[in-house]
Amino acid sequence: MENNTQHYQVIAYYFYTHIANAEEMVESHLKFCKSIGIRGRIYIAEEGINGTISGTVEACAIYMHELQSNPLFTGIEFKIDDYHQHAFNRIHVRYKKEIVHSGLRDPKEINPTIETGKHINGKEFAQLREQEDVVVIDVRSNYETRLGKFKNSVTLDIENFREFPQKVDELEQFKDKKVITVCTGGIKCEKASAYLLKRGFKDVYQLHNGIIGYAKETGGKDFDGSLYVFDGRVSVPINEVNPTPLANCAKCGTPTFRNLNCANVECNEQFNMCEACSEEMEGACSDTCKSHPRKREYNGTGYYTRPPVEELMQLK
Ligand SMILES: [Zn+2]
Ligand SMILES: [Zn+2]
């Protein structure tokens with residue numbers, strides 16, 4: 001069991017840079033992560049690196065220092081959240097053709113290190129989005145924007161970012177406006193904004209460090225709902241200024257910020273449910289799951305970062 005008095009961090013980062021020996025780097029990087037007890041998901045490609053990791057504060061400091069002292073990653077930035085435990089069960093370091101799957105993988109076509117939308121920070125974003133003739137385009141997937149998004153932003157009905165290029169036709173009407181792309185941590189915007197420029201959009205900006213960075217800088221004003229994240233936390237609160245729930249409880253229909261994994265380990269489905277109904281359902285999404293023999297104990301959060309070992313072994 002994790003020691004709750006210990007302090008952990010969850011760190012998200014990405015960096016577009018040319019890594020000539022990306023495939024070889026995977027192995028040494030994995031070894032390094034294991035040696036300091038870092039867990040998470042890290043992708044390395046010729047075009048750069050992208051990761052979300054968790055570890056003790058000490059381990060995270062060593063990790064960040066290692067990357068920062070590598071000349072390949074000069075200028076890399078980290079988005080750091082405090083947490084009470086690991087947000088991952090394991091460490092994965094994988095070689096990929098792209099650090100985020102966009103279908104825009106030809107560096108001669110789209111290369112964020114050469115041309116991309118103008119980076120604006122959270123404060124600049126807050127000012128700019130108030131102006132007329134400015135359109136905020138959320139380039140995340142539908143299951144993410146259903147849970148949370150900026151007021152008055154344009155969202156796309158896509159299951160995966162690689163569908164983004166096909167959806168740009170729908171955005172033609174905004175071609176002559178100021179367009180700001182937003183995503184979770186900024187990585188998708190690097191390519192999305194570059195692609196919009198390529199398609200003839202005139203004035204393209206991107207929210208630097210994404211919604212996570214914006215929340216840290218500004219308190220997250222006007223972001224409705226909560227932010228979907230790709231780790232054991234499932235979703236995180238973003239807006240401390242004027243929070244407004246966006247999703248509805250699957251049982252009683254009241255608006256809720258809460259996104260849970262079903263307590264039934266065989267279901268594990270993500271769904272929205274208010275606190276009271278979750279208590280009543282013991283963290284299950286349905287009556288069937290509630291009475292299922294493999295239902296995990298509900299601890300009030302609906303986050304199961306560490307399924308019991310025997311559960312994992314039964315699953316695989
Ligand atoms: Zn409810
Ligand atoms: Zn279920």
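Predicted model: local features only at pLDDT ≥ 70, side-chain atom pairs only at ≥ 80, totals over all residues.

Mentor: Happy to! Let's begin with the pair formed by strand E2 (residues 39-45) and strand E3 (residues 48-56), which run antiparallel to each other and are joined over seven bridges. To find your place along this pair, look for Gly 40, which sits opposite Ile 53 of E3. As background, strands of a sheet pair through backbone hydrogen bonds, in either a parallel or an antiparallel sense.

Now widen the view to the sheet around this pair. It is an open sheet of five strands, ordered E4-E1-E3-E2-E5, with mixed pairing. The edges belong to strand E4 (79-83) and strand E5 (91-95); each has a single partner strand, so one side of each is left without a neighbour in the sheet. On average, neighbouring strands here are turned by 10° against each other, with direction ignored.

Helix H2 (residues 57-68) lies across E1 and E3, and its direction makes an angle of about 155° with E3.

The domain assignment gives domain 1 (8-95), domain 2 (118-225) and domain 3 (245-315). Between the centres of domain 1 and domain 2, taken over C-alpha atoms, there are 25 Å. Six residues from domain 1 and six residues from domain 2 make up the contact. Strand E1 (residues 8-16) gives the largest share of domain 1's side, with three residues. By type, that side of domain 1 holds three nonpolar residues, one polar and two charged.

Notes
Residues numbered from 1 in each chain as written. Chains lettered and ligands numbered in written order. Domains from an automatic or database assignment. Contact = placed C-beta atoms within 7 Å. Helix = DSSP H or I, 4+ residues; strand = E, 2+ residues; numbered from the N terminus. Nonpolar A, V, L, I, M, F, W, Y, C, P; charged D, E, K, R; others polar. Pairing = 2+ DSSP bridges. Axes fitted to C-alpha atoms, helices over the stretch in contact; angles between N-to-C directions.
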